[in-house]
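Visitor: I am new to this structure, and I would like a close look at one part of the picture. Could you take me through the salt bridges?

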Amino acid sequence: MSSPTQFRIIIVGGGIAGLAAAIALRKDNRQVTILEQSRLSTEIGATISLQPNATRIIQQSWGLDNLLDDSNGTIDHGFRIYNIDGKMVNEIPLRYKTQYGADRIMWHRQDLHAYLRTMATSTKWEGQPATLRTSSRVSSCDCEEGKVTLEDGEVLEADLVIGADGIHSVLRTSVLGKEVKPKPTGFSAYRLMLPTTVLNEYAPQFATNIKPEEPYTSMVMAHSCRLIMGPACDAQLYSIVGLVPDERMNEDPDSAQSWVTKGDSGKMLETFKDFPSWTQDVLRNADSIGLWQLRDLDPLETWHSGRVILIGDAAHAMLPTQGQGASQTIEDAEALGTLFSHITERPSRDEVSSVLEDVFKCRFERVSLIQQFSREAAKPATEQGSNVIKMRPDEFMDYNCTYRGVRDWEEKRSMAAITAGIQTVAVA
Ligand SMILES: Cc1cc2nc3c(=O)[nH]c(=O)nc-3n(C[C@H](O)[C@H](O)[C@H](O)COP(=O)(O)OP(=O)(O)OC[C@H]3O[C@@H](n4cnc5c(N)ncnc54)[C@H](O)[C@@H]3O)c2cc1C
């Protein structure tokens, strides 16, 4: 039972966005409930990285300095780029700690997920812990009343509802009053995860070239396809993602989309037939290949309505080419935590709605640009260079990684607006 003054928050979706929002919002006199449709017994077998803009928030703003030790994460030391003949043509060391004050960290998704879940629900952390309800699928939401209806008919009410229900979000339809479907982007990703011992035994040439125990992200680049690879779980596992244009897969672009669809190894081998022979050894020996058909969203007209706001992929799904999808969900969560920090007692609908508008205003421009840049970066080099993105990739990396939370962002934006105003007056 909640007390009459307690601030009640429902988060729909227990993915990275939902769990991060629960961490950011947990506080005394707040009741945070996460509703997750699955039983959370399995997570997708793949690696995921967080960039310095997100690791800084977790470690420094939220004070979770146990992030690396308690989550089995690996600091990425750099990128190794191979050409189609299998020669390493570039090694770019990552000096993010000196450059941006925080690291890029890689995980098995399961490990990052488990860590965030513990931090959201543990009694050992400050503030009232969140409650996680699994097997609780939300089927609709009344944004004005803050009421969510579960598939079994149960209705739950909150002062604030957060839609962190991923790319196929149900809450997005409630917030926008219409259905907005994710867009095919023309790309798909094969993914494999193999024990490093298997690689050493069955693909020794691969292991000699790539050195899978070393904490580097390796990429083999061709005109329209690329392999992106890296270690996870203390280098016991090695992850390989093959980014390919959809037409190379002969898949039906309208078929149901899922993160757990099985890939066809024959098709994958055919697609990567011009890649170095040592990469083929791995593809031939993989007994389970997953397939992601990559979809994203155009920037939405709004993320909020009444007591409800969308965050994460529900609000701004993007291509993985900048590795920023999950990092942007951490930024969303930080913005919610910071902008609601002054609200300690049950807020009115108008108070909630006004903060949600602030969150949207602070986040929308930055996330939309990163969405656009992620699309741009997926195109073959010859087609890159849109009219919209004026920054070079290294400038964009600075733009992504120097973010220091919503207050700092707002300050910088106001300063930029004042400077622009002064220049306009001077010109006039
Ligand atoms: C190939 C690929 C590689 C990627 N690599 C990276 C990377 O290296 N770094 C990075 O930052 N990002 C990466 N991303 C993107 C990143 O995975 C996503 O942006 C991020 O996981 C989004 O988190 P989310 O919580 O918003 O959504 P999700 O992870 O999809 O979580 C949504 C949750 O909501 C639950 N749910 C859905 N509907 C309901 C409902 N109706 N009721 C209750 N629960 C519901 C789901 O079961 C799920 O648990 C990658 C994506 C792809 C496709």
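Guide: Here is a walk through some of the salt bridges, pair by pair. This is a predicted model, in which local features need pLDDT of at least 70 and side-chain atom pairs count only at pLDDT 80 or more, while totals for chains, interfaces and linings use all residues. Residues are numbered from 1 along each chain as its sequence is written, and side-chain values use heavy atoms, leaving out hydrogens and water.

A search of the whole structure finds 21 salt bridges (a side-chain nitrogen of Lys or Arg within 4 Å of a carboxyl oxygen of Asp or Glu). Let us start with Arg104 and Asp76, whose side chains meet at 2.6 Å, N to O. Arg104 sits in the loop between helix H4 (96-100) and strand E7 (105-108), and Asp76 in the loop between strand E4 (74-75) and strand E5 (78-82), so this pair ties together parts that are 28 residues apart in sequence. Helices (H or I, at least four residues) and strands (E, at least two) are DSSP runs, numbered from the N terminus. Arg104 is buried, at 10% relative accessible area, and Asp76 is buried at 3%; buried means under 20%, exposed over 50%, and partly exposed in between, with a 1.4 Å probe and protein chains only.

Next come Arg80 and Glu91, with their closest N and O atoms 3.3 Å apart. Arg80 belongs to strand E5 and Glu91 to strand E6 (residues 88-93), so the bridge joins parts 11 residues apart in sequence. Here Arg80 is buried at 7%, whereas Glu91 is partly exposed at 37%.

Finally, Lys183, Asp296, Asp298 and Arg375 are linked in a network of salt bridges.
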